[in-house]
Amino acid sequence: MTITELYDQLCDKDFQDHYTGNLFFPAYMYMYDAQKEYEIDKEILDIKNRLHRPNHYLDVMVIDLFEAFCTYLKQEKFGKSNKFDFYIANELSKPKAVQKSLEKDAYDIRFLNFLDARIKEHFKNANTYEVAYVFLKGFGNTFPYIRTSRFMNNFEKFIKGYKLIMFYP
């Protein structure tokens, strides 16, 4: 599927209904060539802006999973600091322990709740626009800590009232 075909699909009123979907599941994955990462980032923002126009009135939320994970780790207290700073300070001296901890944090229910709360807050502030989609990008930057299939297995119970479009290289 091309970006143009994806946009056309997202414009379809029947597809925008979160109760409909292929296999009755409101999450979809758009795969692309990793070498086109920056191009796809621009296209994601372009699609978001075009869907926001008056002919669609859709408020699309875009979440960069890497940035969200870093923000989550920075707010998680760990001793006198936070997890993000702790991991940075220890990643060279204890790389395997840090990697194991990051992988654990990536699927922790607190991180999933953090993402869910951000999405719900976005819905609450959408005003007169309908929120039909949440775009999730950044999987390439979170590898190997967050793997798309495992993330989806853990996050699927939170997807209610919208369709999740995951962009994955």
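Residues are numbered from 1 along each chain as its sequence is written, and side-chain values use heavy atoms, with hydrogens and water left out. Because the model is predicted, local features need pLDDT of at least 70 and side-chain atom pairs count only at pLDDT 80 or more, while totals for chains, interfaces and linings use all residues.

Helices (H or I, at least four residues) and strands (E, at least two) are DSSP runs, numbered from the N terminus. Two strands are taken to pair if DSSP finds at least two bridges between them. Strand E6 (163-168) pairs in the parallel sense with strand E1 (residues 27-31) over 5 bridges. E6 also pairs in the parallel sense with E5, over 4 bridges. Met29 stands opposite Met166 of E6, and Tyr133 has Lys163 as its bridge partner in E6. Since 5 of the 6 residues of E6 are buried, this strand is largely enclosed by the rest of the structure; buried denotes under 20% relative accessible area, exposed over 50%, and partly exposed in between (1.4 Å probe, protein chains only).

A nonpolar core is a set of buried Ala, Val, Leu, Ile, Met, Phe, Trp, Tyr and Cys residues joined through side-chain atoms within 4.5 Å. The largest such core has 32 residues, of which Leu115, Ile146, Phe151, Phe155 and Leu164 touch the most other members. Elements giving two or more residues to this core include strand E2 (61-64), helix H7 (109-124) and helix H9 (148-155), but the largest share, 6 residues, comes from H4. A second, separate core of 20 residues includes Tyr32, Ile40, Tyr133 and Ile165. Leaving aside neighbours within four places in sequence, Leu164 is in contact (heavy atoms within 4.5 Å) with residues including Pro26, Tyr28, Val134, Leu136 and Phe155.

Helix H4 spans residues 65-75, and its buried residues are Leu65, Ala68, Phe69, Cys70, Tyr72 and Leu73. At the start of H4, a side-chain oxygen of Asp64 reaches to within 2.9 Å of the backbone nitrogen of Phe66.

Asn82 lies in strand E4 (residues 81-82) and is buried, with a relative accessible area of 11%. The side chain of Asn82 reaches the backbone oxygen of Lys74 at 3.4 Å. Not counting residues up to four places away in sequence, Asn82 touches Leu73, Lys74, Glu76 and Lys77. By comparison, Lys13 in helix H2 (residues 13-16) counts as exposed at 52% relative accessibility.

Technical notes
A polar contact is a pair of N or O atoms within 3.5 Å; within protein, one must be able to donate a hydrogen and the other to accept it, and residues adjacent in sequence count only if both atoms are side-chain atoms.
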